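Visitor: Please show me the structure. I would like to go through its charge pairs and one of its helices.

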Amino acid sequence: MLQIEIDNGSGFCFGVTTAIQKAEEELGKGETLYCLGDIVHNGMECERLRSMGLVTIDHDQMRQLHHVKVLLRAHGEPPETYELARSNNIEIIDATCPVVLQLQKRIKKQFEAGDGQIVIFGKKGHAEVLGLVGQTQSKAIVIENFDEVTKLDFTRDIYLYSQTTKSLDEFHRIIEYIQGHMAAGATFKSFDTICRSVANRMPNISQFATRHDLILFVCGRKSSNGKVLFNECKRVNPNTHLIEGPEEIDPTWLDGIQTVGICGATSTPKWLMEQCRDAIQDK
């Protein structure tokens, strides 16, 4: 008989859970609530909240709004967003993750302290990274991966931070490279700002993936964290498939399979993983 296990460690992180709870709380009052960007990188969860009345907008649309409520999701926003809200009399429902908020403050303080390169290891254009770069008047340097570290000026001071959901191993590789290339007299400081509740998922999900014949990684394809975790699953278990929902499950994947593991990203709702389990049981 086919055995199916849902990974207990997968699902929404604290920041996403809080943002969704705040949205549901506001929507429960029967008022219109706008959200700046997708509240979570998962289309089906966004659709569930849209059906409750949540209206997703972008920055251009926000400029046209006045006297409304706008929720800021867990990723955080740059200072300009708060200034726009003040000038348009928009009430902000701030659901920025506390870990991200603390990181924004640290980068802002470092920037205001003076010279040196502020470097952020993160995905260019990602909402969290835009919020971090915004603390430096857009002067921070963003490096997406280890290969880009060579473009830094090693004769000037470097202060290295990381997007909260990046790979801990790659971050340490970047640190080692910079340490080995700094010019005499230049200062290098690194700040490990990777969220531990996310970082710890890497070894946990790796162990989970080794226990099963087939892994279904349920995740929105826009999820940055999801790509990292999916690649780790695929590394330890080549029979891993990324799906956004139960309709993407190919019945032929189950041929000769005895155990299926279902897991996901920090943006994957538990109910969606349960739907995938139910779909397999119905096949």
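Predicted model: local features only at pLDDT ≥ 70, side-chain atom pairs only at ≥ 80, totals over all residues.

Guide: Residues are numbered from 1 along each chain as its sequence is written, and side-chain values use heavy atoms, with hydrogens and water left out.

Visitor: How many salt bridges are there by the rule used here?
Guide: Side chains of opposite charge can pair when their charged atoms come close. The rule asks for a side-chain nitrogen of Lys or Arg within 4 Å of a carboxyl oxygen of Asp or Glu. By this rule the count is 17.

Visitor: Which helix holds the Glu26 that pairs with Lys69?
Guide: Lys69 and Glu26 form a salt bridge whose closest N and O atoms are 2.9 Å apart. Helices (H or I, at least four residues) and strands (E, at least two) are DSSP runs, numbered from the N terminus. Lys69 is in strand β4 (residues 69–72), and 43 residues away in the chain Glu26 lies in helix α1.

Visitor: Which helix contains both Arg50 and Glu47?
Guide: The side chains of Arg50 and Glu47 form a salt bridge of 2.8 Å, N to O. An α-helix has 3.6 residues a turn, so residues three or four places apart point the same way. Arg50 and Glu47 are three residues apart, about one turn, in helix α2.

Visitor: How wide an arc do the buried residues of α1 cover?
Guide: The buried residues of α1 are Gly15, Val16, Ala19, Ile20, Ala23, Glu26 and Leu27. The arc is that of the directions from the helix axis to the C-beta atoms. These residues are on the same side of α1 because their arc is only 130°.

Visitor: Which exposed residues does α1 carry on the face turned away from its buried side?
Guide: The buried residues of α1 pack against β2, α2, β3, β4 and β5, with contact meaning heavy atoms within 4.5 Å. The face turned away from that buried side carries Phe14 and Glu25.

Conventions:
Buried < 20%, exposed > 50% of the residue type's maximum accessible area, 1.4 Å probe, protein only.
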